[in-house]
Amino acid sequence: MRRERAPLAIGILAAAGAAFFVLPLVGLVVRTPWADALKAVTSSDTLEALRLSLVASLSATGVALVLGVPLAWVYARIDFPGRSILRALTTLPMVLPPVVGGIALLLAFGRRGLLGSWLESTFGISLPFTTAGVVFAETFVAMPFLVLTVEAGLRSMDRRYEDAARTLGAKRWTIFTRVTLPLIAPSLFAGAVLCWARALGEFGATITFAGNFPGVTQTMPLAVYVLLATSNPEGSFILSIILLVVSLVVLVGLRHRWLGSA
Amino acid sequence: MFAAASLTDSFKVLATSFEKQQADVLVKLNFAGTPTLVTQIEQGAQADVLASADAANMDRLKADGLTSGDAQLFAHNQLEIVVAPGNPKRINALADLAKPGVIYISEAATVPAGKYSQQALRKAGVTVRPRSLETDVKSVISKIELGEADAGIVYTTDVRAAGAKVQGVQIPAAYNVVAAYPIVVVKGAKNSAAAGAFIAYVLSAAGQSTLASFGFQPA
């Protein structure tokens with residue numbers, strides 16, 4: 001790699017830019033009462049929130065894989081009118097305030113919602129205030145990350161392998177499962193991990209759509225928020241650190257998949 | 001001005017009329033659950049006045065040495081059960097919250113309203129598991145309005161503020177909890193003179209009648 005020296009102005013601004021992100025994290029680490037950390041981490045409330053967060057975020061990633069990979073495939077391979085509008089709509093949650101997403105989910109899947117009222121009257125299923133509601137909210141916010149990553153993978157893959165399989169008589173489904181999926185495995189993995197990390201951190205849509213109850217809908221970010229409003233805000237610092245470490249590990253681990261070995 | 005979420009509508013009006021009275025004062029309002037406000041002040045947020053929904057959080061600020069002078073009570077509030085208009089689940093008493101098929105939601109015990117709700121239920125001898133612990137009174141009301149939940153316990157003033165979109169069911173005095181609202185000048189307030197004047201205005205006959213029009217009981 002070529003060695004290069006940054007112009008002074010760029011160096012200073014870049015340092016300020018980096019400090020903007022690093023300082024808040026340092027603040028969190030410095031102010032966390034580490035002596036109480038072990039006690040807080042092993043308290044039943046924390047463990048319950050951690051367990052629920054893992055269950056919900058992994059389920060959301062599962063749902064996102066089942067629904068999102070086909071969606072990405074359609075976006076990458078089928079040219080149909082309105083594709084770019086549909087793609088924009090399905091990736092909207094990436095930029096939408098999550099609370100707005102939560103309200104939209106209520107209006108669609110809530111007890112009085114478009115589909116929710118039918119679910120309730122026909123099957124007696126009501127999603128708000130349930131763990132399934134948490135999975136819904138997390139999938140809504142996190143799936144676009146998977147769809148975009150997988151679509152990019154599908155677009156950049158070498159399609160000659162699919163053509164070869166076709167000339168050898170393979171059916172379309174066989175080509176998809178035996179040729180396409182293995183070829184895009186790296187972006188599939190990256191998309192799933194990114195989706196999982198986003199689901200793990202989901203707050204706004206969850207508290208709006210699913211509510212907040214320990215063991216049922218109170219995931220880690222909700223527990224952080226609730227604890228912050230008590231006379232023991234330090235407890236939320238420790239939970240924040242746990243979320244921070246998980247996110248950091250995910251990002252550092254994924255860097256190679258995004259940028260090659262940079 | 002940092003004020004409890006349940007004071008949102010009344011304090012907006014109080015601030016406007018106070019500004020009219022004082023030519024050169026601009027009141028900036030910040031509403032949130034009282035514990036959140038106290039945490040914000042502890043973490044260095046610039047506040048001149050704190051209007052709290054309970055004594056406990058005021059004591060917390062005092063213990064931090066962040067109050068200037070003694071807190072004064074300026075209003076009282078009571079609890080009511082909030083239900084959808086027409087009361088479709090026929091909830092007439094606290095005990096009805098435990099009926100099967102009723103989705104009851106509460107505020108988290110970290111905000112005063114949640115603590116008061118628990119006290120009222122305990123006094124009435126009712127055991128009911130809320131389906132959700134919302135972070136403030138307004139979200140409880142919203143979820144009743146949207147039809148996601150059937151009942152919650154909120155302040156009388158909140159039921160009144162929500163208008164026709166919800167309905168209140170009174171809680172007998174024997175089980176009810178009276179919430180007392182203290183107000184104080186925050187230590188190190190940049191505008192301590194105006195802060196003191198605002199508190200005096202809230203306690204004045206004009207201020208008290210404004211609060212009464214929102215359903216608060218006098219200090």
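This is a predicted model: local features need pLDDT of at least 70, side-chain atom pairs count only at pLDDT 80 or more; totals for chains, interfaces and linings use all residues.
User: Why is A:F129 called buried?

Analyst: A residue counts as buried if 20 or more other C-beta atoms lie within 10 Å of its own, and A:F129 has 24 such neighbours, so A:F129 counts as buried. A:F129 is placed in the loop between α6 (116-123) and α7 (131-156) of chain A.

User: What makes the phi of A:F129 worth a remark?

Analyst: Most residues other than glycine have a negative phi. The phi of A:F129, by contrast, is near 70 degrees, which is a positive value in a residue other than glycine.

User: Why is A:L50 called partly exposed?

Analyst: The class lies between the limit for buried residues, 20 or more neighbours, and the limit for exposed ones, 12 or fewer. A:L50 has 18 C-beta neighbours inside 10 Å and therefore counts as partly exposed. This residue is found in helix α3 (residues 44-77) of chain A, and its C-alpha atom is separated by 28 Å from that of A:R111, which is 61 residues apart from A:L50 along the chain.

User: What is the secondary structure of chain A, and what share of the chain counts as buried?

Analyst: Chain A comes to 13 helices and 0 strands. Of its 262 residues, 34% count as buried. Among the contacts in chain A between residues at least 6 apart in sequence, 74% join residues at least 24 apart, and the C-alpha atoms fill a box of roughly 70 × 65 × 30 Å along the principal axes.

User: How do you know that chain A touches chain B, and what is the makeup of the side of chain A that does so?

Analyst: Contact is decided by C-beta atoms lying within 7 Å of each other, and on that criterion 17 residues of chain A are in contact with 18 residues of chain B. The largest share of the side of chain A, 3 residues, comes from helix α12 (residues 220-228) of chain A, and the residues of that side divide into 9 nonpolar, 6 polar and 2 charged.

User: Why are β2 and β11 of chain B called edge strands?

Analyst: The open sheet in chain B has 6 strands in the order β2-β1-β3-β10-β4-β11, with mixed pairing. β2 (30-32) and β11 (217-218) each have a single partner strand, so one side of each is left without a neighbour in the sheet, and this places them at the edges.

User: How do you know that β4 of chain B pairs with β10 and with β11?

Analyst: A pair of strands requires at least two bridges. Strand β4 (residues 67-77) and strand β10 (residues 179-186) of chain B are joined in the antiparallel sense over 7 bridges, with B:T67 having B:V186 as its bridge partner and B:L73 standing opposite B:P182. For β4(B) and β11(B), which run antiparallel, there are 2 bridges, and in β11(B) the bridge partner of B:A75 is B:P218.

User: Which strands does helix α3 of chain B lie across?

Analyst: Helix α3 (residues 55-63) of chain B lies across β3 (49-51), β4 and β10 of that chain, and runs at about 25 degrees to β10(B).

User: What makes one face of α5(B) the buried one?

Analyst: The buried residues of helix α5 (residues 137-145) of chain B are B:V137, B:V140, B:I141, B:K143 and B:I144. Seen down the axis of α5(B), they fall within an arc of 165 degrees, so they line one face of the helix. An α-helix has 3.6 residues a turn, so residues three or four places apart point the same way. The buried residues of α5(B) pack against β5, β6, α4 (112-124), β7 (133-134), β8 (151-155) and α6 (156-162) of chain B, and α5(B) is followed by B:G147, whose phi is positive, near 85 degrees.

Methods. Residues are numbered from 1 along each chain as its sequence is written. Chains are lettered from A and ligands numbered from 1 in the order in which they are written. Two residues are in contact if their C-beta atoms, placed from the backbone, lie within 7 Å. Helices (H or I, at least four residues) and strands (E, at least two) are DSSP runs, numbered from the N terminus. Ala, Val, Leu, Ile, Met, Phe, Trp, Tyr, Cys and Pro count as nonpolar, Asp, Glu, Lys and Arg as charged, and the others, Gly among them, as polar. Axes are lines fitted to C-alpha atoms, for helices over the stretch in contact, and angles run from 0 to 180 degrees between N-to-C directions. The arc is that of the directions from the helix axis to the C-beta atoms.
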